[in-house]
Amino acid sequence: MARPHKSRKISNPPKMVGFKPYGMPMCKIDPVILKLEEYESIRLVNYDKLPQDQAAIRMNVSRPTFTRIYNNALEQIAKAFIEGKAIEIEGGNYEMDKEWYRCRKCFKLIEGLENHTKCKNCTLYGENELIKLN
Ligand SMILES: [Zn+2]
């Protein structure tokens, strides 16, 4: 039996489920898929400005594995950008170090169990209005 890949650590999930290019009505047909660990690699390197070796440590993967994830993320984003395709951010092989919820109304990310019953932005309550992300 093949050994399952070790999960990659993600500390911040995305606010959105994907992206759509402007002025491309058919863009959701055949979207580009960006895995959550690919999203996280872009966040760490290009948003938080971490060197790749530190980003690899944050995600609990080797440097070569990180580079592979990161390069694949860039490739997927470039493909969407050039071909005018939507990006869906989903799936992958990851674990989050905290529980995350997203408000169904304002899309605010809410961290941890103690806060999960209420969105402070729009005071929505409960399981129906807050979506559990992991
Ligand atoms: Zn809200």
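Helix H3 (residues 63-83) lies across strands E3 and E4, running at about 150 degrees to E3. The model is predicted. E3 and E4 belong to an open sheet of 3 strands, in the order E2-E4-E3, with mixed pairing.

**Helix H3**
- H3 has 21 residues, which at 1.5 Å a residue should span 30 Å; the C-alpha atoms at its ends are 30 Å apart, in agreement with that value.
- The buried residues of H3 are Thr-65, Phe-66, Ile-69, Tyr-70, Ala-73, Gln-76 and Ala-80.
- Pro-64, Arg-68, Glu-75 and Ile-82 are exposed, on the face of H3 turned away from its buried side.
- After H3 comes Gly-84, with a positive phi near 70 degrees.

**Sheet**
- The order of the sheet is E2-E4-E3, and its edge strands, E2 (18-19) and E3 (32-34), each pair on one side only.
- E3 and strand E4 (residues 87-89) run parallel and are joined by 3 bridges.
- Within this pairing, Ile-33 is opposite Glu-88 in E4.

**Helix H1 on the sheet**
- Helix H1 (residues 36-47) also packs on the sheet, where it touches E3 and E4.
- The direction of H1 makes about 70 degrees with that of E3, while H3 runs at about 150 degrees to E3.

How values were computed. Residues numbered from 1 in each chain as written. Predicted model: local features only at pLDDT ≥ 70, side-chain atom pairs only at ≥ 80, totals over all residues. Heavy atoms only, no water. Pairing = 2+ DSSP bridges. Helix = DSSP H or I, 4+ residues; strand = E, 2+ residues; numbered from the N terminus. Contact = heavy atoms within 4.5 Å. Axes fitted to C-alpha atoms, helices over the stretch in contact; angles between N-to-C directions. Expected span 1.5 Å × (residues − 1). Buried < 20%, exposed > 50% of the residue type's maximum accessible area, 1.4 Å probe, protein only.
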